[in-house]
Amino acid sequence: MVRLLEIDDLSVSIGGKQVLKNFNLRIGSGETHALFGPNGTGKTTLLNAIAGIPRYTVDQGRIIFKGKDITYMSMDERARLGIGMAFQRPPAIRGLKLKDLIKIINPHADAATILRTMDFEAFGDRDVNRGFSGGEVKRSEMVQLLAQQPDLVMLDEPDSGVDLENIKLIGSAINQLTQKDKRPSSRNKSGIIITHFGHILEYMKADRAHVMLGGSIVCSGNPGEILDQIKRNGYEGCAACLCPA
Amino acid sequence: MPVPSIEERAERAREKKALYGTDVNLESYESEARAHEAVERAEELPGEVKKAALDVGVKLDAEASGAYVQMDQSPVVAKSLYEGVEIMDIASALKKYDFLQDYWWKLVAPDADKYTSDVAASPPAGYFIRAKKGMKTVFPVKSCLYLGSTNLNQRVHNIVIAEEGSELHVITGCTTPAHVQRGLHIGVSEFFIQKNAHVSFTMIHSWGKEVEVRPRTGITIAEGGSLSNNYILMRPVKTIQTFPTATLAGRGAVASFNTVIYSTMGNIDVGSNVYLNAPETSAESISRVVSMGGEVIARGRMTGTVPGARAHLECVGLLLSDKGRIYSIPELDGRSRDLDMSHEAAVGRISEEELEYLMARGLSSEEATSVIVRGFLDVEIKGLPEELRAEIRSITQREELKGS
């Protein structure tokens, strides 16, 4: 399998405080990985560091995407190279209509169809994220990613604060973005998804899952099995049971 | 003691400096303008004038209720295309209608300062627009005040009357062609909005780097009447100072002022001044300023004198350069019980979070800045026909706006 993302020995700090420690991860082209772990363990930091948000400082290690070292590349260059992220709490942008943003992100995108896919037609003329409810914000993020069509889609808790019906909708959009309708061998879009309770995994397909504790991965395996263990024994118990040191 | 005439009052104020703004030396400008031939229709105007008008959002050949164009001191087009609206040049109107003496210099004082004095002492030039009783227009009256001669002191005096129950939309573009380096524009405007009449007045300024501008505006709104006043300045100018004053004189009168400024240089001192003098009146003033340079003073003053009046001021500025200054001065003057008056003012920078969000979608830092700035300037203007709203929007959206 072609390797899309390779993270080697990565340490990342925010405001002088180290969050990720000697972190390693490989994601093949066409694979979708789920990340589990308690709050404050570095999951969001990992996504933000891959996206290149400047206040996330890389202290050591490197991030390779499509064979290029992107460790110090600017955010917009990374996005244009094919990295896309759904923010957990995105800002509102006054005066910028969602349908106009779709066209800015991708002039060839079919805004009407994308909005319809997310049952979001009524929001095309609204300012991006302004006055949106929690669930609407998540759908707005999916709409933008559907326009962007990234090769690596990163989703930070796309299911938090979303009702059941919308979780289904978001799950199917993630499947679409990660080409789960195609045979595994012909997929070339990958994903990383952070989820606390795994609800979203009932509606989308993940190929592999990891448990993060204290800034590194402590356990990896089949998403269903790992989620079962977490539910039964908690994060630490899961790590001890499935991946004894 | 006899009441002094307009001429006498003007004479007395010849040297009177204005309360705000830098002082302009009137002597350094020429007061005699070359005359321009009037034309029958706006389409017959010189291409240069039509192009300049288009540049300030005034499409003279598109649908309109009428048009007025003044080149320097000469009215060249004054034409109504709709029976509900009367449009004349003010000199002809003053000759035709004796009743205009009851409106002439009634809301702006000829001795307010040296600028009003100068206009009062000159032969009248400007527009007279009257929306007739009960007549509602959908298409705007389009007007262009064109300062086409270098070093000229262009003086304008306009009267707008919206009679009872009428609806009127006016869009005015004030502009200079690129070859005019230096000039002065003084515009006196008096608006009479009568019972249950609704007026939107949109003014777009596009001047040269050595042009000075001193509008002087007075507005009165009677019972149930409303005004939506919009001012847009996106291009460089040397100095502007304006502080239109509106009096909400009748029960339930409403005024809203929207100001959009993109500053790169010069001294820009603008604002609005509203007196809420009747029960159930309300006023709102929203200004958005983006500064890449120059000094912008954004004023807003609301004075509430009766119970139940409601007023809100909002001055928000984005300061994107070390070369700029935004000085926001919101003032609330409550003079009665049971008032509801508030303001919010903020001057700051573009939020990092918004920039990063758009950059994560592939926009460069410059593109993201431009998108955020355009959105910031895109004020939702209420009470305008959709076509006019789109036209105004296109002006704030077409500019190449850059961050530092």
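How are α3(A) and α5(A) oriented to each other, roughly parallel or roughly perpendicular? The axes of helix α3 (residues 98-105) of chain A and α5(A) cross at roughly 30°. Angles under 35 degrees count as roughly parallel, and α3(A) and α5(A) are therefore roughly parallel to each other. The structure is a predicted model.

**Chain A overall**

Chain A holds seven helices and twelve strands. Along the principal axes, its C-alpha atoms fill a box of roughly 55 × 40 × 35 Å. A compact globule with 245 residues would have a radius of gyration near 18 Å, and the 17 Å of chain A agrees with this.

**Two helix pairs in chain A**

Helix α5 (residues 134-148) of chain A packs with helix α6 (residues 164-177) of chain A, and α5(A) also comes within 8 Å of α3(A), axis to axis. The table sets out the angle and the axis distance for each pair.

| Helix pair | Angle | Axis distance |
|---|---|---|
| α3(A) and α5(A) | roughly 30° | within 8 Å |
| α5(A) and α6(A) | about 15° | 11 Å |

In the pair of α3(A) and α5(A), the crossing is right-handed. On the α3(A) side the contact is made by L98(A), L101(A), I102(A) and I105(A), and on the α5(A) side by S140(A), V143(A), Q144(A), A147(A) and Q148(A). Sorted by class, this contact of α3(A) with α5(A) has six nonpolar residues, three polar residues and no charged residues.

With an angle of about 15°, α5(A) and α6(A) are roughly parallel to each other as well. Here α5(A) passes α6(A) in a left-handed crossing. From α5(A), the residues that make the contact are G135(A), K138(A), R139(A), M142(A), L145(A) and L146(A); from α6(A), they are N166(A), I170(A), A173(A) and L177(A). The classes in the contact of α5(A) with α6(A) are six nonpolar, two polar and two charged residues.

The domain assignment divides chain B into domain 1 (6-351) and domain 2 (352-404). Taken over C-alpha atoms, the centres of domain 1 of chain B and domain 2 of chain B are 25 Å apart.

How many residues does each chain give to the contact between chain B and chain A? Chain B gives 17 residues and chain A gives 18 residues. On the side of chain B that touches chain A, the elements giving two or more residues are α5 (352-359) and α6 (365-377) of chain B. By class, that side of chain B has seven nonpolar, four polar and six charged residues.

Technical notes
Residues numbered from 1 in each chain as written. Chains lettered and ligands numbered in written order. Predicted model: local features only at pLDDT ≥ 70, side-chain atom pairs only at ≥ 80, totals over all residues. Axes fitted to C-alpha atoms, helices over the stretch in contact; angles between N-to-C directions. Helix = DSSP H or I, 4+ residues; strand = E, 2+ residues; numbered from the N terminus. Parallel < 35°, antiparallel > 145°, perpendicular 65-115°, else oblique. Left-handed = near helix turned anticlockwise from the far one by under 90°. Contact = placed C-beta atoms within 7 Å. Nonpolar A, V, L, I, M, F, W, Y, C, P; charged D, E, K, R; others polar. Domains from an automatic or database assignment. Rg over C-alpha atoms; globule rule 2.2 N^0.38 Å.
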